[in-house]
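Please examine the structure shown here. The explanation that follows begins with individual residues and then turns to the chain as a whole.

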Amino acid sequence: MVFSDNELSRYSRHILLPEVDVQGQEKLLSAKVLIIGVGGLGSPVALYLAASGVGEITIADHDKVELNNLQRQIAHDEQGIGHSKVSSCYQRMININSHIKINPINDKLNGELLLSQVAAADIVVDCTDNLTTRFEINQACVTYKKWLVSAAVIRWEGQISVYHCGHPDSPCYHCFYGGRNDSRQNCSNSGILSPVVGVLGSMQAIEVIKLIINKGDSLIGRVLLFDALSMQWESMQLPKNPNCSVCGS
Ligand SMILES: [Zn+2]
């Protein structure tokens, strides 16, 4: 791949990083990432990955933009209210970087559609807000042995982890959360501090980039817990459950 002057200029601050360099930027431009949900977490993920030059990004969401989203979902604005979230997010992404391919899916991503989109992606980013959907995404990622970058936020707290789904040594999302019921706690009934989604979404984007360029230590086998009130991070080991009904042997 030969970079144009335009691309060299656009990505110069990446290329200056020895861990990225021209080779890393080429990998980013060749990568395919699936972002499921373009709300609070998905907004910064989508905007940073578009700005970073990830070559093909699929965004999926079936919601429309509402006024109460604008407190934290920074891909959307007042003009987008009443329009689909994917069209609103697509417009912001393409305004930042018109040289990448963006596939908007204005639909609920489940069943065959979910499987086909996961199969086509290098990395899946879970930015959804309910446990049932998260389990289905995890199952699809285990089936197709995909990287899954997962985060969740509520109130002043957030957590993030990375799974190399289907890999013999990596836990999957179900290993850790499998026994849990959807407690129905979410942003709409418990609240969420606006920038907390920005912190966790930005960290998801960082992990995606590190996986693509294959640099640094990823969060595989670990979960990071963030408490914005005490401004503390906690790192916990996330062991594989050999009896996991999704990824266990
Ligand atoms: Zn598992």
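Asp-21 is partly exposed in this predicted model, because 14 other C-beta atoms lie within 10 Å of its own, a count between the limit of 12 or fewer for exposed residues and that of 20 or more for buried ones. Asp-21 belongs to helix H3, which covers residues 21-30. Its phi is near 55°, a positive value in a residue other than glycine.

A positive phi is also found at Met-231, where the angle is near 50° and the residue is again not glycine. Met-231 lies in the loop between strand E7 (222-227) and strand E8 (232-237). With 8 other C-beta atoms within 10 Å, Met-231 is exposed.

Ser-43, by contrast, is buried, since 26 other C-beta atoms are found within 10 Å. The residue sits in helix H4, residues 42-52. Neighbours within four places in sequence set aside, Ser-43 makes contact with Val-38, Gln-73, Ile-74, Ala-75, Cys-89 and Gly-201. His-76 is 33 residues from Ser-43 along the chain, yet their C-alpha atoms are separated by 7.9 Å.

The wider chain may now be considered. Its secondary structure consists of 10 helices and 8 strands. Of its 249 residues, 41% are buried. Where contacting residues are at least 6 apart in sequence, 69% of the contacts join residues at least 24 apart. The C-alpha trace spans about 50 × 40 × 40 Å along its principal axes. For 249 residues, a compact globule would have a radius of gyration near 18 Å, and the 17 Å of the protein chain therefore agrees with that expectation.

Terms used: Residues numbered from 1 in each chain as written. Predicted model: local features only at pLDDT ≥ 70, side-chain atom pairs only at ≥ 80, totals over all residues. Helix = DSSP H or I, 4+ residues; strand = E, 2+ residues; numbered from the N terminus. Contact = placed C-beta atoms within 7 Å. Rg over C-alpha atoms; globule rule 2.2 N^0.38 Å.
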